[in-house]
Amino acid sequence: MIAINNLHKSFGDLEVLKGIDLNVEKGQAVVVIGPSGSGKTTFLRCLNILETPTAGTVAIDGHMADFSKPLPKKQIMEFRKQSAMVFQHYNLFPHMTALENVMEGPVTVQKIDRAEARAKAEELLTKVGLKEKMNEYPFQLSGGQQQRVGIARALALEPKVMLFDEPTSALDPELVGEVLQVMKELALEGMTMVVVTHEMRFAKGVADEVLFMDAGRIVERGTPQEIFDYPKEERTKQFLNLIQNADTI
Amino acid sequence: MTKFHRNGLAKMYLNSIFTNPERLERLLDIAQSSFLPLLEGAIQYTIPLTLISFTIGLILATLTALARISTVKFFQIIARIYVSIIRGTPLLVQLSILFYGLPTVGITLEPFTAAIFGFSLNVGAYASEVIRAAILSIPKGQWEAANTIGMSYSQALKRIILPQASRVSIPPLSNTFISLVKDTSLASFILVTEMFRRAQEIAAFNYEFLLLYSQAGLLYWIFCFLLSLVQGRLENRFDRYVSKA
Ligand SMILES: Nc1ncnc2c1ncn2[C@@H]1O[C@H](COP(=O)(O)OP(=O)(O)OP(=O)(O)O)[C@@H](O)[C@H]1O
Ligand SMILES: [Mg+2]
């Protein structure tokens with residue numbers, strides 16, 4: 001489903017991604033962990049071309065983007081349709097209700113008939129448990145509810161791949177569960193997803209593969225068990241120690 | 001004139017109104033009979049001039065703002081030069097060039113047309129800075145969210161960015177609008193018979209300058225007061241999606 005080859009990204013002189021290779025099968029959930037500044041967000045953003053990689057290729061469901069040369073706008077738009085991003089800070093449209101947020105893509109981008117888009121948006125919001133909140137504006141919703149709207153908005157475009165960038169890290173602890181639950185259901189339904197998160201329980205319970213990223217490279221990869229219980233690389237061990245200690249302080 | 005003399009004159013004027021019933025009656029008569037001509041000037045010219053110039057100006061301002069934030073150097077430069085010239089020269093000079101100057105090179109504009117050009121260009125330049133700041137104040141995440149659901153630049157602008165930017169720009173744009181209402185009085189200088197020119201014409205005839213200019217001033221004030229009420233309502237409407245906390 002996703003085939004990434006030698007992906008590079010620099011900001012000026014700063015090389016943030018130093019050659020990422022990754023294959024993700026259809027229906028797999030991949031969790032990416034790693035220290036702050038290691039390039040996790042940049043990596044996800046490159047898959048949606050919110051950031052333009054400096055070199056390498058990415059193919060999603062057969063749509064290929066080769067970043068060694070500038071891409072025409074048309075191709076970027078087409079490529080973007082393959083995936084959708086859920087942001088750490090939700091980034092909902094504040095001037096639209098939950099329902100309008102979810103309808104916006106189908107109506108404006110896909111030119112789907114309003115009534116049809118509305119029915120679909122209602123269905124999606126019901127699915128993420130927000131049937132009662134459809135007509136509220138984002139400021140009237142809790143963080144967890146906003147993030148679930150964010151997920152519904154991304155799903156409305158029927159992407160082949162969902163990208164999550166620390167979707168729960170801005171949430172109060174008691175709201176994390178409701179968002180992870182929605183994500184878990186998605187994974188069970190067979191959605192292909194790449195998730196940057198430090199939620200160990202989610203990674204252990206849902207991920208097919210865990211990647212440990214450090215300094216712009218994938219340092220170690222494996223099943224959740226391999227990474228969390230039997231890490232091989234020294235850097236992975238150090239990092240896991242750090243986040244596990246943080247939990248117990 | 002000494003201070004004493006000026007005070008003395010003012011006293012005489014007021015005294016004459018209150019002690020001389022005929023004088024008072026004459027003033028009331030003039031005030032009454034000039035009310036309709038003044039209002040007519042407002043309805044025929046002041047108000048249309050304001051509305052048309054503001055509409056054209058806003059479109060011009062939005063385009064200029066977009067040119068300023070575009071990545072194309074050429075657009076940026078054109079927009080900068082335009083804003084710099086308009087902001088750096090007096091409106092009265094601009095109007096004079098349009099109306100009295102252009103005929104020299106074979107371009108003759110009607111007074112009203114010249115005024116529309118002048119005021120639109122003016123609003124376009126001033127409001128472009130407001131709109132540019134408003135667009136830049138929208139968080140980058142909004143553009144990204146629009147992009148990730150597949151929107152093009154123009155779709156993101158139209159559906160996501162400008163609606164939010166308009167909320168931010170209502171107070172400063174209201175200022176621009178209210179200034180414009182008052183600035184239209186400068187069109188009197190290029191022979192547009194708007195409200196202030198009517199006042200001048202009537203006063204030239206009966207010499208009641210204080211009365212007629214005050215009357216015109218009062219009407220401008222009433223218009224601007226009504227506009228500030230509209231501004232308040234607009235702000236409330238746009239604020240429905242932001243937390244009141
Ligand atoms: N737009 C940008 N311009 C310049 N440098 C950037 C930009 N975006 C990210 N960086 C830099 O790239 C590096 C990787 O950032 P990135 O956000 O991908 O890390 P991360 O792994 O997501 O970190 P965190 O866990 O803190 O979210 C950092 O050093 C960051 O400062
Ligand atoms: Mg990050």
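In which helix of chain B does B:Leu211 lie? B:Leu211 belongs to helix H9 of chain B, residues 209-238. The legends below describe this and other close-up views of a predicted model, in which local features need pLDDT of at least 70 and side-chain atom pairs count only at pLDDT 80 or more, while totals for chains, interfaces and linings use all residues. Residues are numbered from 1 along each chain as its sequence is written, chains are lettered from A and ligands numbered from 1 in the order in which they are written, and side-chain values use heavy atoms, with hydrogens and water left out.

View 1. Helices (H or I, at least four residues) and strands (E, at least two) are DSSP runs, numbered from the N terminus. Apart from neighbours within four places in sequence, B:Leu211 is in contact (heavy atoms within 4.5 Å) with B:Leu27, B:Ile30 and B:Ala31. B:Phe119 stands 92 residues from B:Leu211 along the chain, and the C-alpha atoms of the two are separated by 28 Å.

**View 2. The interface of chain A and chain B.** Chain A contributes 24 residues to the contact and chain B contributes 22 residues. The buried area, meaning the accessible area (1.4 Å probe) that two parts lose on being put together, summed over both, is about 2000 Å², and carbon and sulfur atoms give 61% of this. On the side of chain B, the most area is lost to chain A by B:Thr148, B:Ile149 and B:Tyr241, which together account for 32% of what that side buries.

**View 3. Polar links across the interface, and the chain B side.** Nine residue pairs, both members at pLDDT 80 or more, are in polar contact between chain B and chain A; such a contact is a pair of N or O atoms within 3.5 Å, and within protein one must be able to donate a hydrogen and the other to accept it, with residues adjacent in sequence counting only if both atoms are side-chain atoms. Helix H6 (140-148) and helix H7 (153-183) of chain B each supply at least two residues of the side that touches chain A. The largest share of that side, eight residues, comes from H6(B).

**View 4. Salt bridges between and within chains.** A salt bridge is a side-chain nitrogen of Lys or Arg within 4 Å of a carboxyl oxygen of Asp or Glu. Within chain A, A:Glu178 pairs with A:Arg148 in a salt bridge, the closest N and O atoms being 2.9 Å apart. This pair links distant parts of the chain, with A:Glu178 in helix H6 (residues 173-188) and A:Arg148 in helix H5 (residues 143-155), 30 residues apart.

**View 5. The shell around ligand 1.** Residues around the ligand (a heavy atom within 4 Å) include A:Phe11, A:Pro35, A:Gly37 and A:Glu166. H1(A) gives the most to this shell, with three residues. Oxygen atoms of ligand 1 lie 2.5 Å from a side-chain N or O atom of A:Ser36, 2.7 Å from one of A:Lys40 and 2.6 Å from one of A:Thr41.
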